[in-house]
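Me: Hello! Could you walk me through this structure with some questions and answers?

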Amino acid sequence: MKATIHNALALTLMLALASVARAGTLEDVQARGVLNCVVSTGVAGFAYPDDAGEWHGFDVDFCRATAAAVLGDPKAIKAVTSTGKTRFTLLNAGEGDVLWRNTTITFSRDVGVKLRFHGVNYYDGQGFMVPKALGVSSAKELDGASVCIQTGTTTELNLADYFHSNGMKYEAVTIETNDEARQNYLAGRCDVYTTDASGLAATRSTFTNPDDHVVLPEIISKEPLGPATRHGDDQWSDIVTWVLNATVTAEEKGVTSANVDEMRSSSKDPEVLRLLGAEGNQGAELGLEADWAYNIIKSVGNYGEIFERNIGVNTPIGLARGLNALWTDGGLQYSPPFR
Amino acid sequence: MAAVPIEDRGLLARLWGNQETRSVIVQIATMAIVFALLALVLRNVAINLEAIGKEFSFDFLTAPAAYDITFSPFIDYTSRDTHFTAAAVGILNTLLVAVCGIAAASVLGVTMGILRLSRNWLVNRIVYVFLEFTRNVPVLLHILLVHGIVVTTLPPPRRAIDLGGTAFVSNRGFFAPSPVFEEGSGIVAAVFVIAVVAALAFRRWAKRVQVETGKIYSVFWICTAIIGGATAVAFLALGAPLSWDLPALKGFNFQGGLALRPEFLALWLALSYYTACFIAEIVRAGILAVSHGQTEAAYALGLRPNRNLQLVVLPQALRIIVPPLVSQYLNLTKNSSLAIAIGYMDIVATIGGISLMQTGKEMETMLIVLGVYLVFSLLISAFMNWFNRSIRYKER
């Protein structure tokens, strides 16, 4: 990218010139009337623009849920696209209000890069994809292979650790975006493409012949993907945390976009009533309208709806819920109570 | 209304009225504004870093980098090495592509510049079209184009083009035998160095003879014979102390030998031919700027065309060529930062890319990258200024 060094410089300049970061992100967003979400440059199923420039996907829907809670309008979002390399700088420089971009929560990002993480909207792990024709059945057989990898990601570090600890060598073919990785992989520049398993499934779904490629069984890392915000604004952090929790609680309580009106007026469950703003004043405590969570469920749906609509088994991506099932179904998705 | 006499105006007005003091005032004001802006920026940086709780420090350089860099021809780098070592690898990779690029661009540029002046219509036009096409397309596209051609049109390693069983061409790069120096090769190298010194001495002597007596030796051929002959004799006398490490297909890739990876190849070729096109025009302009009368005078003295070019035209043209050439060399070096587009691990991709990302130290890493490019550029400028002075017209 010609833009790359310029981007990096621009970002540095942004840190230099941006007006002093303030605490009141919520007021800023409401005054602006638009929520700026840091998203990826395009991953099928997770964040991608359609022909009309409208953004869709799993991560984008959570961005819309945040906008619905804060502004009452799921359409009032602006997608701030970022590569793996630029995402945190964009967030920290104030170009984005919140980051919903398949981003792994790690110690160094939380502590070193100074981010706040707000739970996990997708439990993932790093995998490998190879062409079937290579006849490889395990990642342990990849000694000497050329591996395509996106720069600036945790996968880059996991890969180095995995090959190092297994005493194997590889040629790292470093790529900036998922699209470039896809092109290089299909052109045969590399034997293997590695990224989060969800990303592999998403990328494979865009191939002309997805069945010619196979995802190896090894998952070599834990990749809990979640939203992030800047340090220093606790109210805003709380909002993002509870937007995610609201979608999970709604699924657990059986509240969907179809029955949310009915639930609000006739549910017997006090937690559902509190969630939907029919009882108590949780919205006001967050600094939002009473119907903030109602707006989320009404316009975007609960966690299960968001999942199935974008990346579930009936979509081209075809991901099973797996670890992302509710805890009541043997998965890890578990929201603290609305109390 | 009559003008107020100058002595009656206020002190400031009188100072402003004076051209010399006015220019001093303007300069002071400009400096004040520049420093105020700089101070504002630095203050903002400090406050913003403080606000998100970041500390300005270069301590991260001693922590393990934890990522791999496959292309590291000079340093034996592993993911256990520090960010500092990773930066060094990146700097050397930038330097490598800059040096190779400048060498190739110079040769190609001078050749095309001379061909562009050819009286052969076809040669002239072909070079012209190539120049215009290349110069008017952004260099990034050239890099992507060459990389795309290498990666998509060449066969994968298992079906690599076999050049006599010793060298292979595939979309993972060009693989050639690499020399392995055995016992005795040090002596051959020593003989080579001695031969070069001897050839230089001969060249000096031949020049003196020419000045004194007018007798001309064919210096180039004799020097080649001295260097080539002496080295070859030493090499054979010591029983050819050299063997070759042949690349061979093992598993997924070729192992051993010398590898030119597609990323390096694409960046090097694209930067070279792109910059060469600008150099060609500079060379052409330099040659055309030498008055034709000089050539006619040389011919009148009985110099042959080659000697004319070598002794009369080029020395004068060089003085015009060198200053703009410097900026082309600087451009090439700076354009090498586009390496990241195709994944060549230069300084921007290592410390300014992955390290930046993994440590979150935007300010620190970008300052390092800026510093490195600044030093490179200043070094190239200093060298070329020295060269320019040495070829300058010496007034007697």
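This is a predicted model: local features need pLDDT of at least 70, side-chain atom pairs count only at pLDDT 80 or more; totals for chains, interfaces and linings use all residues.

Me: What is the mean pLDDT of chain B?
Reply: pLDDT is the predictor's confidence in each residue, from 0 to 100. In chain B, 97% of the residues reach 70 or more. The mean for chain B is 88.

Me: Which element gives the most to the side of chain A that touches chain B?
Reply: Here 47 residues of chain A are in contact with 45 residues of chain B, where contact has C-beta atoms, placed from the backbone, within 7 Å. Helices (H or I, at least four residues) and strands (E, at least two) are DSSP runs, numbered from the N terminus. Elements giving two or more residues to this side of chain A include helix H4 (87–92), helix H6 (154–165) and strand E9 (145–150) of chain A. The most, 10 residues, comes from H1(A).

Me: How many nonpolar, polar and charged residues does that side of chain A have?
Reply: Ala, Val, Leu, Ile, Met, Phe, Trp, Tyr, Cys and Pro count as nonpolar, Asp, Glu, Lys and Arg as charged, and the others, Gly among them, as polar. By these classes, the side of chain A that touches chain B has 20 nonpolar, 17 polar and 10 charged residues.

Me: How many residues of helix H13 of chain A are buried?
Reply: A residue is buried if 20 or more other C-beta atoms lie within 10 Å of its own, exposed if 12 or fewer, and partly exposed in between, with C-beta atoms placed from the backbone. The buried residues of H13(A) include Trp292(A), Tyr294(A) and Ile297(A), and what covers them includes helix H3 (58–71) and helix H9 (234–252) of chain A. For helix H13 (residues 292–299) of chain A, the count is 6 of 8 residues.

Me: Is Lys114(A) buried or exposed?
Reply: Lys114(A) is found in the loop between H5 and strand E6 (115–117) of chain A. Its phi is positive, about 65°, although Lys114(A) is not a glycine. Most residues other than glycine have a negative phi. Because Lys114(A) has 20 C-beta neighbours inside 10 Å, it counts as buried.

Me: Where is Ala66(B), which has a positive phi near 70°?
Reply: Ala66(B) is a residue other than glycine with that positive phi. With 21 C-beta neighbours inside 10 Å, Ala66(B) counts as buried. Its place is in the loop between H2 and helix H3 (83–115) of chain B.

Me: What is the handedness of the crossing of H9(B) and H10(B)?
Reply: Helix H9 (residues 292–300) and helix H10 (residues 305–335) of chain B pack at about 155°, with axes 10 Å apart; axes are lines fitted to C-alpha atoms, for helices over the stretch in contact, and angles run from 0 to 180 degrees between N-to-C directions. A crossing is left-handed if the near helix is turned anticlockwise from the far one by less than a right angle, and right-handed if clockwise. The crossing of H9(B) and H10(B) is right-handed.

Methods. Residues are numbered from 1 along each chain as its sequence is written. Chains are lettered from A and ligands numbered from 1 in the order in which they are written. Two residues are in contact if their C-beta atoms, placed from the backbone, lie within 7 Å.
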